[in-house]
Every structure is written in structure tokens, then in C-alpha cells.
Amino acid sequence: MHSEIPQQRLQETEQKRLLLLCTTTGYQTRAFVEAAEKLGLKVAFGSDRCHKLDDPWQDGALALRFENPSESARSVVDYARSHPMDALVALGDRATPTAALACRQLGLATNSPEAVEACRDKYQARRRLESAGLKVPSFRRFSIDENPGAFVSEIEFPCVLKPLALSGSRGVIRANSPQEFVEAFERIKSLLLSRGVQVLREETSRFLQVETYIAGREYALEGMLMEGRLKVLALFEKPDPLEGPYFEETLYVTPSRLPSETQQRIIQGVQRASEGLGLSHGPLHAEVRLNGEGVWILEVAARSIGGLCARSLRFEQGLRGLSLEELILRQALGEDISEVHRERAASGVMMIPIPREGLYEGVEGEEEARRTPGVEEIRITAKPQQMLVPLPEGASYLGFIFARADTPAEVEESLHRAHKMLRFRISTVLPVV
Ligand SMILES: Nc1ncnc2c1ncn2[C@@H]1O[C@H](COP(=O)(O)OP(=O)(O)O)[C@@H](O)[C@H]1O
Ligand SMILES: [Mg+2]
């Protein structure tokens with residue numbers, strides 16, 4: 001037995017190490033851990049799940065406070081002295097400034113910390129895009145302490161009101177009239193003052209932004225920046241209309257059926273937007289609207305697509321199949337991913353929206369829905385007795401449906417058919433008298 005010890009040590013020193021910065025232990029984290037295992041990486045975590053204890057989970061996770069990126073980056077750099085790392089990856093966008101600062105100090109390839117900071121603030125992002133000459137809706141930022149009645153006469157309708165730093169359309173509301181504007185303002189204000197948001201301690205939570213409403217079809221681009229060049233991984237259509245007053249994401253389908261010339265205009269728009277924002281490295285998720293006036297950048301996030309949606313993407317490199325998470329980790333390790341491309345099949349995901357507030361009881365029709373041609377997987381993520389909160393306040397879905405087929409039209413049809421078969425039971429919660 002003894003003779004094996006030196007060998008084990010050798011393997012340990014040869015094994016590459018990854019530090020994952022994450023705020024939750026949800027499915028995205030698990031997907032990254034799986035990908036890391038497949039690549040033979042040793043994984044450590046940095047998290048802000050609790051900032052009261054130094055090692056709250058007794059699993060050696062590094063306790064960080066992502067609302068303070070310079071302090072957190074310092075902790076990561078200190079940690080790296082005893083735990084050298086080959087790659088550092090942030091999941092979601094809350095930890096991207098910490099990751100960028102730490103990578104810079106550790107000599108790992110990264111985006112600029114200022115750029116990722118700007119991407120997390122819808123006001124700073126708009127300012128950067130505007131100065132870079134991109135088409136942006138007119139926008140104004142207001143403190144939530146202001147009285148909306150005092151300036152509503154200056155607002156152009158329809159408009160969209162939104163928090164600066166939430167995601168998944170949380171708190172995003174369209175207003176068509178002064179009355180709707182004042183109501184939306186107050187509603188976003190309450191959301192920003194709620195405990196769940198305040199605990200994040202983001203400075204941006206004191207503001208909201210008002211933008212002119214851009215009509216048009218919406219698309220999402222999943223990509224990777226490599227030394228400033230955009231590699232497109234997938235261009236998704238969002239075939240369900242997104243006209244408000246709330247903007248549930250629901251369907252994502254790829255490849256896009258747009259003429260290739262129009263797709264090129266979207267890609268060029270996103271490339272220019274990433275330059276304008278100052279992004280140059282790593283995953284990118286952009287959303288755009290397209291209408292008669294051209295391509296409008298809604299936003300560019302310096303991260304990959306959220307939640308379970310990444311499962312709708314599969315890639316190939318030669319004969320090898322790769323997940324999005326593997327691709328991101330490979331790039332973070334300095335590998336060349338320029339030859340990777342998405343599989344041939346059309347693919348899509350439906351994020352099942354929460355239709356109304358209440359307690360989740362269960363779902364019927366799941367087996368039947370699963371048998372819909374093209375449907376590969378249905379994952380109901382709501383848990384029995386979970387309180388369901390719909391948009392604009394809510395931050396979750398009932399679950400996800402995944403489909404693959406020869407064409408995007410078939411994928412779209414499969415997702416809609418399967419969704420119609422699901423009958424969710426949600427009970428009304430009576431107010432306590
Ligand atoms: N100015 C706008 N005009 C039209 N629709 C918008 C506008 N801003 C946001 N939306 C809609 O709201 C959704 C969410 O807005 P976004 O700014 O991307 O916030 P989030 O970070 O929550 O995704 C968009 O995907 C889009 O459908
Ligand atoms: Mg968005």
C-alpha cells in the first residue's frame with residue numbers, strides 16, 4: 001500500500017484545478033461540476049451563500065462577498081497561494097467582477113473588470129452602447145425615492161421600466177399610459193425594497209430605468225469571445241410574442257429561420273456591442289430585437305445562458321460531443337475552441353412560466369407530454385408545497401421542456417404540444433385574517 005502514496009501525490013499535482021465562483025448550488029453548478037469531472041479537473045468553490053461563517057458548509061468552500069469584488073478578489077488571490085488554480089470561472093453574473101479582478105491578478109485570461117461591471121448595470125451598459133454608436137432606445141435612470149408623478153409627463157409611451165441589476169425579466173414591466181407608468185414604478189420599487197433583493201446589497205437596487213419600448217421579434221445569441229472575436233455558438237429565436245406587460249421568456253429555438261444575411265446583421269450587432277461594452281473573453285449571452293429600423297441590442301451579459309437552458313445546446317469537435325459547460329471550462333483552461341460547432345439537429349427549450357401565484361401541488365399529463373414526438377426531456381423543477389410567484393416579482397419557472405427535431409418549426413410545435421398537455425395544480429393561498 002505504502003508504495004502507492006507517491007503515485008497518488010503525483011496524480012494530485014498533475015491534476016488541473018478549477019475554482020468555480022457561484023451563488024447557489026442549483027442545477028447550473030451541478031452541470032459545471034459534471035463537466036469538470038469529465039475533464040478530470042479538481043474543483044473548489046468560492047461562494048457567498050453565507051457571509052457570516054468562514055467555512056459554513058464544511059466543504060472547504062471559500063466564503064466570499066460578491067457585492068464587494070475587490071475584497072473578494074483579494075481573498076481568491078490569497079487562497080490561490082495555497083491552492084494554485086489553472087482556471088477560474090464565475091457562474092451567473094453576480095460573481096463576474098470578482099472573477100475578472102482575480103483572474104487579472106493571477107495572470108489568467110479574462111474580461112476587463114470594468115466591462116463586466118458595466119454589463120451588470122443596465123444603465124452603465126446603455127451608456128457604453130450609446131457612446132459606441134449602437135442603436136439603443138432612449139433611456140433614463142430614476143432613483144426609487146423619486147416621485148413618479150412628478151416626471152411622468154416627460155415620458156414617451158409605450159415604455160419599459162426595469163431594475164438595473166436583476167435578470168430573467170424580473171421586475172421588467174411595459175407601461176402604455178401615465179397611470180400604468182406610476183403603477184409599474186411603485187411595483188418595481190417594492191420589489192427592489194423586498195428582503196430577497198436587499199440582501200444582495202447591490203448599489204444598483206436604489207434605481208430603475210425607463211426605456212422606450214422597441215417593437216419587433218426577439219432573438220438570443222449564445223457565444224464565446226476569443227481575444228475580442230465573437231464565436232457564435234447558437235442564435236436562438238424566441239418565437240412566442242414578447243409584448244408585455246411582463247416578459248416571460250418561454251420558448252428558445254435554434255437554429256434561426258432568418259435569412260443568413262439578417263443573421264449576419266445580428267451577429268455584427270452583437271460583435272460591435274461587445275466591443276462597445278469592452279468585453280473580450282469568455283461566454284456571452286446577448287438579446288436583441290429586430291424591426292424595420294434594424295438590430296437593437298437589448299442586453300449583453302458576460303455569462304452563458306442561465307439555468308437548465310444550456311441543456312438545449314450540444315456541440316461537436318471532430319467526433320467528440322461537448323456540453324456548453326465543457327466548452328466554457330476548456331476555454332478557461334486556455335484550450336482552442338475555435339473549431340467547435342453546434343450539432344446539426346434543431347433544438348429548443350421551453351421555460352414553463354408560472355401562470356399564477358399559489359402553492360404548487362403537482363402536475364398531471366407529464367407522461368403523455370413526454371411521449372410527444374421530438375420531446376427529449378421534461379424537468380419539473382417546482383417542488384410540492386412550494387410558493388409560486390409569477391413575473392414580474394418571481395424568479396423561477398415551473399420547469400423546462402427540451403425538444404430536438406430536424407427543423408426549428410418541428411421543435412417549436414413539439415414544445416407547444418407538450419406544454420398544452422401539462423396540467424399544473426396550484427392552490428390559492430388565502431390571506432391570513
Ligand atoms: N426597451 C425595450 N423594448 C421592448 N422590450 C423590452 C425592452 N427592454 C426589455 N424588454 C423585454 O423585457 C425582457 C427582459 O429585459 P432585459 O432588459 O433583458 O432584462 P433581464 O436582465 O431581466 O433579462 C427582454 O428580453 C424583452 O423581451
Ligand atoms: Mg435579458
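Q: At what angle do helix H6 and helix H9 pack?
A: This is a predicted model. In it, H6 (residues 122-131) and H9 (residues 260-277) pack at about 110°, and their axes are 8 Å apart. The two helices are therefore roughly perpendicular to each other.

Q: Which hand does the crossing have, left or right?
A: H6 passes H9 in a right-handed crossing.

Q: And which residues meet there?
A: From H6, Ala125, Arg128 and Leu129; from H9, Ala273, Gly276 and Leu277.

Q: Moving to H3 and H4. How do they pack?
A: Helix H3 (residues 69-82) and helix H4 (residues 96-106) have axes 8 Å apart, at an angle of about 45°. H3 and H4 are therefore oblique to each other. The crossing is right-handed.

Q: What does H3 contribute to that contact, and what does H4?
A: H3 brings Pro69, Ser70, Ser72, Ala73, Val76, Val77 and Ala80. On the H4 side they meet Pro97, Thr98, Leu101, Ala102, Gln105 and Leu106.

Q: What about H2 and H10?
A: The axes of helix H2 (residues 27-38) and H10 come within 8 Å and cross at roughly 60°. That makes H2 oblique to H10. This crossing is right-handed. Ala31, Phe32, Ala35, Ala36 and Lys38 in H2 meet Glu325, Glu326 and Leu329 in H10.

Q: Is H10 mostly covered or mostly exposed?
A: Mostly covered: eight of its nine residues are buried. The buried ones are Leu324, Glu325, Glu326, Leu327, Ile328, Leu329, Gln331 and Ala332. Glu325, Glu326 and Leu329 are also the H10 residues that meet H2.

Q: What follows H10?
A: Glycine 334, with a positive phi near 90°.

Q: Now the sheet with S14 in it. What's the strand order?
A: S15-S14-S16, an open sheet of three strands with antiparallel pairing. Strand S15 (320-323) and strand S16 (341-342) are at the edges with a single partner strand each, so one side of each has no neighbour in the sheet.

Q: How many bridges hold S14 and S15?
A: Four, in the antiparallel sense, with S14 covering residues 314-317. Arginine 314 has serine 323 in S15 as its bridge partner. Helix H10 (residues 324-332) packs on this sheet, touching S14 and S15, and its direction makes about 90° with that of S15.

Q: There's another sheet, with S18. What's the order there?
A: S20-S18-S22, again an open sheet of three strands with antiparallel pairing. At the edges are strand S20 (387-388) and strand S22 (423-427); each has a single partner strand, so one side of each is left without a neighbour in the sheet.

Q: And the S18 to S20 pairing?
A: Strand S18 (residues 358-364) pairs with S20 over two bridges, antiparallel. Leucine 359 has methionine 387 in S20 as its bridge partner.

Q: Which side chains cover the two faces of S11?
A: Strand S11 (residues 251-254) has Leu251 and Val253 on one side and Tyr252 and Thr254 on the other, all buried. S11 is joined to S17 by four bridges, and the two strands run antiparallel. The partner of threonine 254 in S17 is serine 347.

Q: Staying with S17: is methionine 351 buried or exposed?
A: Methionine 351, in strand S17 (residues 346-352), has 21 other C-beta atoms within 10 Å. The cut-off for buried is 20 or more, so methionine 351 counts as buried.

Q: What does it touch?
A: Leaving out residues up to four places away in sequence, methionine 351 touches Glu249, Thr250, Cys309, Tyr397 and Phe400.

Q: Last topic, the nonpolar core. How many residues are in the largest one?
A: The largest nonpolar core has 100 residues, and Val89, Val300 and Ile401 have the most contacts inside it. Strand S13 (residues 294-301) gives the largest share, six residues. Apart from this core lies another, of 20 residues, including Cys159, Val160, Val172 and Phe247.

Q: What's around isoleucine 401?
A: Beyond its neighbours within four places in sequence, isoleucine 401 is in contact with Val349, Met350, Ile352, Val375, Ile378, Leu415, Ala418 and His419.

Conventions:
Residues numbered from 1 in each chain as written. Chains lettered and ligands numbered in written order. Predicted model: local features only at pLDDT ≥ 70, side-chain atom pairs only at ≥ 80, totals over all residues. Core = buried A, V, L, I, M, F, W, Y, C linked by C-beta atoms within 7 Å. Buried ≥ 20, exposed ≤ 12 C-beta atoms within 10 Å, placed from the backbone. Contact = placed C-beta atoms within 7 Å. Pairing = 2+ DSSP bridges. Axes fitted to C-alpha atoms, helices over the stretch in contact; angles between N-to-C directions. Parallel < 35°, antiparallel > 145°, perpendicular 65-115°, else oblique. Left-handed = near helix turned anticlockwise from the far one by under 90°.
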